[in-house]
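Student: I've got this model open and would like a close look at one part of it. Could you walk me through the hairpin and the aromatic side chains around it, starting from the overall layout?

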Amino acid sequence: MAKKLAGKMKLQVPAGQANPSPPVGPALGQRGINIMEFCKAFNAKTQEMEPGAPCPTVITYYQDKSFTMDIKTPPASYFLRKAAKLKSGAKAPGRETAGSVTVAQVKEIAEAKMKDLNANDVEGAMQIILGSARSMGIEVKG
């Protein structure tokens, strides 16, 4: 017999750094999910990723208190800020430039994010990443 779905929730947790403190603990605890079991499973799955990279995670939990998780790649803005060596994007995108990235860096980011993007090929994925860069005030050079 199939498990009875109780709900889904989304969290953004740093890779390899899930712990029972807020915001992870309370969010899981009020839904009856075993917090330590989640932390151990999440940290094990993200140990090969860059430590501290924000990982959007969709947690599906069931009435028998079990859960499954789908860990996605870090957001494009994280990769763009890292490539441009920035702390944050421009305060007024379109009017000011916060930094710049190369086309090769954009292609590398698009390939890393490919499985989570709604694109048929790398060129389409690059267009999505270029849009994110534009909205952050990051220009793309050559």
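Tutor: Helices here are DSSP runs of H or I with at least four residues, strands are runs of E with at least two, and both are numbered from the N terminus. Before we zoom in: this is a predicted model, where local features need pLDDT of at least 70, side-chain atom pairs count only at pLDDT 80 or more, and totals for chains, interfaces and linings use all residues. Residues are numbered from 1 along each chain as its sequence is written, and side-chain values use heavy atoms, with hydrogens and water left out.

Now the hairpin. It's made by E2 and E3, with 4 residues between them, and in that turn Lys65 has a positive phi of about 70°. The two strands pair in the antiparallel sense over 5 bridges; for strands to count as paired, DSSP has to find at least two bridges between them. One detail to pick out is Tyr61, whose bridge partner in E3 is Phe67.

Follow E3 (residues 67-71) from there. Buried means under 20% relative accessible area, exposed means over 50%, and partly exposed is in between, using a 1.4 Å probe and protein chains only.

Rings of Phe, Tyr and Trp (its six-membered ring) pair if their centres lie within 6.5 Å; planes under 30 degrees apart are stacked, over 60 edge-to-face, and the rest tilted. By this rule the count comes to 3 aromatic pairs. In one of them, Phe38 and Phe42 are stacked, at 5.7 Å centre to centre with 25° between the planes. Because they sit 4 residues apart in helix H2 (residues 35-45), Phe38 and Phe42 are separated by about one helical turn. Both of these Phe residues are buried.

E2 (54-62) has another neighbour, too: the buried residues of H3 pack against E2, among other elements. In H3 (residues 76-84) those buried residues are Ala76, Tyr78, Phe79, Leu80, Ala83 and Ala84. Just after H3, Lys85 takes a positive phi of about 55°.

How values were computed. Contact = heavy atoms within 4.5 Å.
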